[in-house]
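The stops below say what to select next.

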Amino acid sequence: MKKFGLILFLICSYCKAQVMRDSIMGDPKYVKEYVVFLNNSGPYTFMQGDSEYGHAIITTPENLRASMRRSWFESDFCRYTNNETYYDKDGKITAETWYYKSGEILRDYNYKYDSLGRLMKKKSKSKYSTSEEKFIYAGISKKLKFTESHTKWENEPTKTYFNNREFDTPFILTKFDTLSRTDSIFTVTDFIWKKVGENSFQRGYDSVFRQKLTQVNYYDKDFQIKESKFYDYETDYYNKKLFQKGHTKFERDSLGRIIKETQLQDDKYTYLILDESGKYHEEIKKGGYASVSSTQYTYFDDGKLNRKTHYYQGNLQHQIRFEYDKHNQIKKLFYLDNWGENKKDRNPTMTIFKYKLDKYNNWIECIKNVDGEDLYLWKREIQYYR
C-alpha cells in the first residue's frame with residue numbers, strides 16, 4: 001500500500017528521531033481539510049488585527065501546512081487551515097486552493113509535471129496578483145538550471161524575471177580529514193562587499209570564485225557528528241574574515257540517537273582569518289553575550305519520541321511529552337510552557353486527540369481536547385482513485 005502526501009513528522013532539530021503524526025494511506029485524489037473552533041476557542045494570533053493564519057506568516061502552502069501541524073501536535077493551541085488539494089496518481093499535487101474563514105480565496109495554485117515527474121510550471125492567483133513560473137532543467141536530470149517568472153499585481157504591468165538557479169544555489173565543497181575526523185564544508189562563491197563611500201558598502205560579485213568555510217563537523221569514533229561550528233562569510237565588509245555564528249554539541253545514546261543538543265555562545269566574538277599558507281587562525285574579541293540553549297530527548301523502546309525538553313541558561317523553558325495509540329498516532333500530549341513569570345505554579349496542559357477513521361484507516365476527524373474541553377476539530381474529506 002502506497003504512502004505519500006500529508007505525511008507529518010515531528011522532526012527534532014538535528015534529530016533523526018521521527019514520530020509519525022499523520023498520514024494518508026492509499027491513493028487519494030482529493031483532500032479538503034479545515035479546522036473548526038469549538039467552545040468559543042479561536043486560532044492563535046499574536047496581535048490584534050492578525051488574520052486567522054497568524055502574524056507575519058509567509059502564506060505559501062509549505063509554511064501554512066508546517067505552521068498548522070506544529071501548533072496541532074506540539075502545543076496546546078491551534079493555528080488555522082482551510083484548503084482543497086488535488087493529487088495525480090503518482091501522489092503529486094496538481095492543484096490547491098487556500099481559503100480564509102469567510103470563504104474568500106487566499107490563493108490558488110496549479111502545477112504541471114513532465115513524464116519524468118519534474119515540476120515544469122506553477123501558476124498561482126489571488127485577489128491582488130497572478131504569477132506563473134516555468135522551470136528548466138539540465139537535460140533529463142532533475143537539476144534545475146533556470147526559472148522564468150511572470151508576475152502581475154493589480155493596476156501594474158506584468159514583470160518578467162529570468163533566473164539562473166545554479167547561481168542561486170551555491171556550489172558546496174567538502175573536505176574530510178580522516179586523522180582528525182573533521183569535515184570542512186566550503187561554499188564556492190563570487191560574493192564580495194564593495195566599498196561605495198567612506199563608511200558605506202554594497203553587496204556585489206566579482207569574476208573570481210573563492211572557497212569560503214561555512215561549517216566544520218567533528219565526528220566521534222563511530223563517525224557520528226558530535227560537534228558542529230558554523231561560519232558566516234557575509235559579515236565582514238572587508239572580505240577578510242569569517243564570523244563564527246553558531247556552535248552546537250550533540251550527545252547520543254548507545255543506539256546513536258541524539259539525546260541532547262546544545263547551542264553554545266560564549267562572551268566573545270570569534271573570527272577566522274585565512275593566512276598566506278592557506279590555513280585559518282582565530283581572532284577572538286570580547287563583547288559577546290554568553291548563552292547556553294539545550295534540548296533533551298527521550299525515547300520509547302520502539303524508537304518513538306517520548307519527551308522533548310528545552311532549557312535556556314539552565315532553566316526549563318518548555319517540555320512536550322507524547323503518548324501513542326496502536327495506530328502510532330499521538331493520543332495524548334502533555335505540554336508545559338515555562339516562559340515568563342510565576343513559573344512555580346505551572347503544570348502541563350493535557351491534550352487528548354480523538355480520531356474518527358474512514359475505511360482505509362485514514363483519520364477524517366480529529367478533536368483536540370485540552371484539559372478536558374473540546375476546543376478544536378480538524379476535518380478532512382478524502383476522495384480516492386480506487
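Begin with Glu-234: its relative accessibility is 27%, so the residue counts as partly exposed. This is a predicted model. Arg-203 belongs to strand β13 (residues 201-219), while Glu-234 sits in the loop between β14 (225-232) and β15 (241-252), and the pair, 31 residues apart, links distant parts of the chain. Arg-203 is also partly exposed, at 45% relative accessibility.

Next, select Arg-210 and Asp-206. Their closest N and O atoms are 2.9 Å apart, in a salt bridge. Arg-210 has a relative accessible area of 30% and is partly exposed; Asp-206, at 24%, is partly exposed too.

Move on to Lys-221 and Asp-222, whose side chains meet in a salt bridge at 3.6 Å, N to O. Lys-221 is exposed, with 62% relative accessibility. Then select Lys-241, Glu-283 and Lys-285, which salt bridges with shared partners join into one network. The count of salt bridges comes to 15.

Phe-46 lies in the loop between β3 (28-37) and α1 (61-74) and is exposed, at 58% relative accessible area.

Finally, zoom out to the whole protein. The secondary structure comes to 2 helices and 25 strands, and the C-alpha trace spans about 70 × 60 × 45 Å along its principal axes. Of the 386 residues, 40% count as buried.

Conventions. Residues numbered from 1 in each chain as written. Predicted model: local features only at pLDDT ≥ 70, side-chain atom pairs only at ≥ 80, totals over all residues. Heavy atoms only, no water. Helix = DSSP H or I, 4+ residues; strand = E, 2+ residues; numbered from the N terminus. Buried < 20%, exposed > 50% of the residue type's maximum accessible area, 1.4 Å probe, protein only. Salt bridge = Lys/Arg side-chain N within 4 Å of Asp/Glu carboxyl O.
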